[in-house]
Amino acid sequence: MRLFSWWLRRALSAVVTLFLVSILIFTASRLMPGGFAEVVLGPLASPEQKAEVTAKYGLDESILVQYARWLGTALSGDFGISMISGEPVTTEFGLRLPVTAQLALFGIGGAILIGVPLGVATAVRAGRRRGGAAVGRLLSGLGVSVPEFVLGSVVVFLFSRFALGLTVGGYVPFGADPAGNLQSMLLPAAVLSVFVIAVTARTTRDAVLTVLVEPYITASIARGDRPAFIVCRHVLRNASIPIITVLSTVSAYLLGGAVIIEYLFNLPGMGTYLVQAVGRRDYAVVQAGVLLAAVVFIVLNMVTDAVAGVLDPRFGAAAKGRKQ
Amino acid sequence: MILELDKVSVTFSAGPPWRRRQVPAMREVSLSLADGEILGLVGESGSGKTTTSMVALGLRRPTSGTALFQNQPFPKRRKQLAGRMQAVLQHPQWSLNPRMRVGQCVAEPLVVFGGVSKAEVAKRVMGILDQVGLDPSFADRYPHQLSGGQRQRVSIARALITRPPFIVFDEAVSALDVSVQAQILNLIKDLRAEYAFAALFISHDIGAVRYVADHVAVLRHGAVVETAPAAVFFGTPEHEYSRQLVEAL
Amino acid sequence: MTHLVRIEDLVVDYASGDGSVRALDGAELAIGAGETVGIVGESGSGKSTLGAAVGGLLPGAATVARGSVVVADHEVNTLRPNELRALRRERLGYIFQEPIGSLDPTMRIGKQVALALPGSGRRADVLTHLERVRLADPARVAKAYPHQLSGGMAQRVAIAMAMAREPEILIADEPTAALDSQIRAEVLDVIFTLAAEIGTTILWLSHDLPAVAKRCRRVVVMYGGRVVESGSAHAVLDMPWHPYTSALVRAVPGAVAEGERLVSIKGQPPVLTGAAEGCAFAPRCPDALSTCSVDRPPVVSVHERDVLCHLAGQQVGVSR
Amino acid sequence: MTWWRKADWLTRSGLLCLVLLALGTLAGTVLGIGGDPDEMVGPRLAPPNGEYLLGTDELGRSMLPRLFEGIGTTLVLSALAVLVTAVLATLLGIAAGYRGGWLGEIVLRLVEVLHSFPVIVLAILVAAVLGPGQTATICSIILITIPLMTRVVRAAAVSVSERDYVTSAVISGARWPRILSRHLLPNLSGTIAVQGTYALSVGILVEGGLSFLGFGVQPPQSSLGALIQQGSIYLLAAPWLVIGPGIVLVLAILAINVFGDGLRDSLEPREARSLV
């Protein structure tokens, strides 16, 4: 019952945040340069044509009514029509989401399968030898310091210049040609993973180091437990909250569109689409894309809290006691 | 009377807004403290000692009941109390601002009180440092260069610099080692003889309370179960719980 | 007589920001099977380091510069990791200061106790062990998480886990410092009765000299990283030979008679950065001789009592 | 400087690297080393040689002065933005942490709203509203770095304001200007500095990313991100256009991160524990 009320609070809080986010996005879209009518009709339209468009889209009504209408249609899954292609935004997103999702899956996979173990291993080894700490710091620092567009450019250059077996670009859907799809996704996924793995490993290492000095770890060592046992039974679960938080941040970041990677490798995903939309002032697409990214983020945050509550029994209690 | 608590109750609210629970921290606590008297307040953790000290210092308003300081209700503006009450608190590692020199720390209450020239402040700081048994050179040191006992001396110097009529010692010697604790207890006794301040001496250590207090009050579950002059209390404790405490001595 | 624990000339340094701090400066201790030993010392005296050294549990910043720790004929400092783990598992039990902190906050009590039991801990075994530490409602405690327990209950659980494999030695590092005074006595009762039943040797690290004297047969007083006095509890407390011990006895506020002044020890406990030149207590000692600050005092042993003091020879002579 | 003596070689190299980069850029720009960044002096897409140390771009402009200008723009924009972030985050964080109450709730909520956008997506939204350029870059960096810094400062402010010396000051009758200037700010400065360095590295990253997508600094002005973006068009023919700015960018971010890590470790020293 207490857990339920905590949940209710958490969900309400997410809804409030989402509501504020939507206001922010709506306001931002109204502030974008070039009126809606001008964008639709081009700069050479006559005042009469503009008035007609304004009336047609309800732009002459009060801002509140406009916001309410936008929110209403957005809630029903209708994000309007892309002005460039004339197709519904939802349809356009449907085409591009799989690409982004696939890329995100690779990234998250890398983070979980490589980043987390790497972080645990380096943290557990940190106590064993001294002096190696600086080198570890340098390497993990390097991982988060190489921007995707720099590493990506290097990879593009190397693979375009020399015949290294993989080609750059030439995306094909998985359904059409699985092998070709994987081949085209491998490089962008690898570039993307470097940053994601480094971030995850750093956070994991920090979290594990914090747990390792807790008295219950000392108590476990004093009982003669083996290191592997201590890590599996005590360390991982106690270090899990920062780890799943960073995983959720990384996932949201990836699902929001690994914009730069998609752009660089010319993948037809959400990120590329969003960049094009801003360039062409396709505001309905920008609005919807940003809102979607924010929704993904907020939902992931909620899921994270849920998982954290399950993994650490104190978490729910602590979150509940926060407002006292 | 320097401090009078009359049936003071304090409750905290907990839980979500739609199901507020009231958690009592003090239940109708009545205490009074005469000028120059030391009242020892004993109790386990969670018995309401800290809340009582917060009320006595005017940092928390009673939910019900009245608290009078020098026969008047606590003023709205904290500034009006400046120089009239001070506290020596529990944690030696956080009792002094690590970014301030000892001299600045000790001078702070006097500077806040105002109306004293810089030269006078410096003179008073040196004087009070000497009183608590610290060399004048300590004024230029930072807290991390001091031991726990020395820090507590600095805290006492800071509390005394405005010569307040009332001081709260909240577990002021609990974190100290036995050999240093005795020094600080003796210091408190000596300074009280000289400055004649009244004090609320809060501790879970019944031995320390016996050593410095004139009166003793025992708190349990937020309520006072016994108050008595120290000699009477330690001779013939009335309440069952008090008897256990005295026996454990 | 063979000793269960034998510590000889143990020197331990901690690396700190600007150099190193010496925690143990040639500590000597020998404990026989079945003894109840209280190690008394103020913070920084080295008692926790000594306790940790017995199980090879020194933290990463610590290095053993010299000396040996022999537990049941094993030299702890040179054991291989798996041998050290076997020693801890089969012969040692530890209880620490933080009752709730010593339990994994994400695991139910029953599960934790089961993991500490030899073999595959069954539920019935878990409940038996929780009953042994006189927990009122073992079934409910087994289902709880650590943050739902009081300090006293959590410490009982920790005791149950430490005693689960019936260790030969129990090292209790200030097990009651974080508890209220009433609960202290109960928890100590549990520790001492359980140890007596099993036949476990107790090494109790504490800063409370009178409490130790009440429960332990032998008292060991530490100062400045060395054992300065050790002997039977009554003898040490009633007639301390070392000036530090006698000052400590007189500095306890509860012990002083009404209206009498506490005798405080001037100065502060030392922080050693290397081997102490002479006696570490010399700067605070009221009876210090000129040799005290120059020569390290030798051990004077009379009647199963060891004192580390230049004055001890004379005092012993006088009292004989 | 006791701090400098305590820092390890990596932290020192980070700081040194950063200072050298800034000073070198300043000297290069002021002294006009390598000539005018906008002047088309040489052959197009010439590889590095004795005359043009870093080669020339597609318009025949010498890359060395352009790189100086680029570093300068990137560092100045990021530093400016982070400065604003630091001031705002400190004020908001202290307001939320020390004062608390409804003010704290509002601050936390605002921060959460900003935090709900993925980094580059938020930057794109800002660029869409303000139009590409320097203003958009600065605003993006501020909006992206402010949530985390505010949260961290708030958490630190909560813990500092619960310490005994703050309570003692309040009991002495000290009012909030004194509490703020004497107790809170000095004891939060370390946290703010650490978060500031991390924000600076994020700032450089965002500038680069935004310019790379074409929404940041606009030609003819150059920045590290813009240089890489323009160079990437001729990646195969003239890789040196990307290599120079790329190395400098990575170096700058790495130096800041390494320095920030060292700063944090010295503020919150943590011991490592072996499980053996």
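Analyst: Contact here means heavy atoms within 4.5 Å. The model is predicted, and local features need pLDDT of at least 70, side-chain atom pairs count only at pLDDT 80 or more, while totals for chains, interfaces and linings use all residues. Residues are numbered from 1 along each chain as its sequence is written, chains are lettered from A and ligands numbered from 1 in the order in which they are written, and side-chain values use heavy atoms, with hydrogens and water left out.

User: In chain A, what share of the contacts with a separation of 6 or more is between residues 24 or more positions apart?

Analyst: Chain A has a secondary structure of 15 helices and 0 strands, where helices (H or I, at least four residues) and strands (E, at least two) are DSSP runs numbered from the N terminus. Among its contacts with a separation of 6 or more, the share from residues 24 or more positions apart is 75%.

User: Is Asn238(A) buried or exposed?

Analyst: Asn238(A) lies in helix 10 (residues 227-238) of chain A, and beyond the residues up to four places away in sequence it touches partners including Tyr216(A), Arg314(A) and Asp104(C). Buried means under 20% relative accessible area, exposed over 50% and partly exposed in between, with a 1.4 Å probe and protein chains only. Because its relative accessibility is 10%, Asn238(A) counts as buried.

User: How is helix 2 of chain D oriented to helix 3 of chain D?

Analyst: Axes are lines fitted to C-alpha atoms, for helices over the stretch in contact, and angles run from 0 to 180 degrees between N-to-C directions. The axes of helix 2 (residues 9-31) and helix 3 (residues 63-99) of chain D come within 9 Å and cross at roughly 125°. Angles under 35 degrees count as roughly parallel, over 145 as roughly antiparallel, 65 to 115 as roughly perpendicular and the rest as oblique. Helix 2 of chain D is therefore, relative to helix 3 of chain D, oblique.
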